[in-house]
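Hi there,

Here is the structure I promised to pass along. Have a look at it first, and my notes follow below.

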Amino acid sequence: MNKLLKISNSVLALALFLALMVASCRSGGKNAKKEADSLTVPGANAAVYEDIKQAEKIFYTLPSPLESAMLIKSAGALFDDNLLNPIENTKNYNTNKSMALNLGIYTCDLSFASLYDQTQLIINYMNAAKKMADGLGILDAIDQEDIDKLEENIHNTDVIMDIVSQTYLNSNSYLEDNGQPAVAAMVLTGGWLEGLYISTQLIDMKDFNGNKLVGRIIDQKLSVDILIDLLESSKGHPAIDELITQVNKVKVVFDKITLTTSPVRPEYDQTTNVTVLKSEVKADLTPEVFKELSATVAEIRSYLIK
Amino acid sequence: MRILKIASVLLLLTIAAGVNVTGQCKAFAKKTCLPELGSYTHDGNYHATVLSEGEEAELYKTFYSDMEYRLSICGDEGLPPVEFMVLDVNRNILFSSKESNNARTWDFKLQSSQQLRIIIKVPSSGQQSGTPASGCVAIMFGFKIKS
């Protein structure tokens with residue numbers, strides 16, 4: 001009888017613990033509530049803004065691996081497979097932290113290979129990403145059907161991009177919906193850092209001035225604070241605390257760049273139904289600061305793929 | 001002891017229901033929101049949550065000058081039409097769905113890269129009685145190279 005009572009109490013304690021876990025997971029960014037906005041909104045905007053109060057959920061989002069790879073390609077950079085994390089390294093990743101970071105890293109490498117039609121690398125890196133997702137217990141993130149579809153459409157970039165996008169969505173949504181925001185944040189961090197690593201390594205200092213890719217690297221200054229906010233929302237998790245320290249090293253270098261943006265003017269184009277957000281931006285990245293940024297990112301990335 | 005057992009079962013059922021609701025947001029996002037991106041490539045990021053009437057969510061993201069974007073916001077059928085606004089870093093409103101016939105999508109491109117803030121609100125239906133409706137709300141981004 002006493003034994004049964006003890007078991008029942010244990011079940012109740014476990015249930016209560018799980019309930020609290022789920023409640024905290026579901027609330028997501030609720031703890032991150034910000035102070036009420038005190039806004040000065042010009043003219044007609046003011047009425048709309050009166051409705052705004054505190055948000056129940058805050059999302060901090062980074063450029064996805066696919067978007068990062070697209071930014072590299074659109075800047076006219078060439079493909080270099082030496083920059084990718086070798087797939088042989090997959091055997092070294094046995095902890096949740098290393099698998100999560102390298103899921104992001106391999107997904108970025110996969111995206112990079114996809115946009116440059118590197119057929120064999122696409123399959124290899126999809127398998128590497130699958131290995132990481134499987135290791136993290138992410139059910140059905142990348143299944144055999146995805147791999148088969150990838151092989152069947154290996155020369156169709158649009159289909160490949162769709163598959164990469166879907167598999168990344170599956171991983172993120174599984175982690176978020178199953179109460180693992182810290183692991184999800186690690187995946188995003190890995191992907192972002194890999195995109196920044198590849199971009200910085202692709203810069204030839206002889207073509208530094210006027211290089212479009214340098215402009216995209218400067219733009220990452222806008223994302224580094226978002227990344228820190230994202231990581232801060234899972235502060236207290238040992239792996240996340242370590243990542244905050246690492247990412248702060250990148251932020252210190254980005255802080256040496258001054259970015260001045262003129263006010264944004266939205267202009268709606270009736271013929272295309274597209275709004276153009278007009279503004280001018282000025283940045284002062286020197287070759288010296290760039291080299292420091294490149295070295296800092298390379299050092300952190302080297303640590304992450306160990 | 002029996003009461004404890006019943007309490008445990010009830011709690012576990014509550015947990016299961018909670019997990020199910022959030023789990024459904026992925027299916028909802030993929031089924032309802034993803035098709036709204038049309039010819040734009042989904043970036044692969046996942047932003048969905050359960051919101052009730054009167055609740056809000058915020059999203060911070062950097063958008064790049066090389067790209068053309070489509071922002072798509074979807075809410076469960078049981079919710080009033082979800083409103084959203086896009087603001088720049090100086091908190092100026094760049095777009096309001098309420099002022100654009102309750103638009104569910106917004107297509108835009110940028111002259112220079114910007115960090116933007118998106119505020120999503122589930123308005124109250126105004127009904128005094130009963131519990132406020134709640135359901136999944138998803139935010140999705142599609143992109144393509146700027147034409």
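**What I found**

Strand β3 (56-63) and strand β8 (114-121), both of chain B, pair in the antiparallel sense over 8 bridges. Strands here are DSSP runs of E with at least two residues, helices are runs of H or I with at least four, and both are numbered from the N terminus; two strands pair if DSSP finds at least two bridges between them. Within this pair, T62(B) has Q115(B) as its bridge partner.

A word on the source: this is a predicted model, where local features need pLDDT of at least 70 and side-chain atom pairs count only at pLDDT 80 or more, while totals for chains, interfaces and linings use all residues. Residues are numbered from 1 along each chain as its sequence is written, with chains lettered from A and ligands numbered from 1 in the order in which they are written.

Both strands belong to an open sheet of 5 strands with mixed pairing, in the order β1(A)-β3(B)-β8(B)-β5(B)-β6(B). At its edges stand β1 (57-60) of chain A and β6 (93-96) of chain B, each with a single partner strand, so one side of each has no neighbour in the sheet.

Helix α10 (221-232) of chain A packs on the sheet, touching β1 of chain A as well as β3 and β8 of chain B. Its direction makes about 140° with that of β3(B) (axes are lines fitted to C-alpha atoms, for helices over the stretch in contact, and angles run from 0 to 180 degrees between N-to-C directions).

Finally, A138(B) is in contact (C-beta atoms, placed from the backbone, within 7 Å) with residues including C25(B), F28(B) and H47(B).

Best wishes

Terms used. Contact = placed C-beta atoms within 7 Å. Lists of a residue's contacts leave out its neighbours within four places in sequence.
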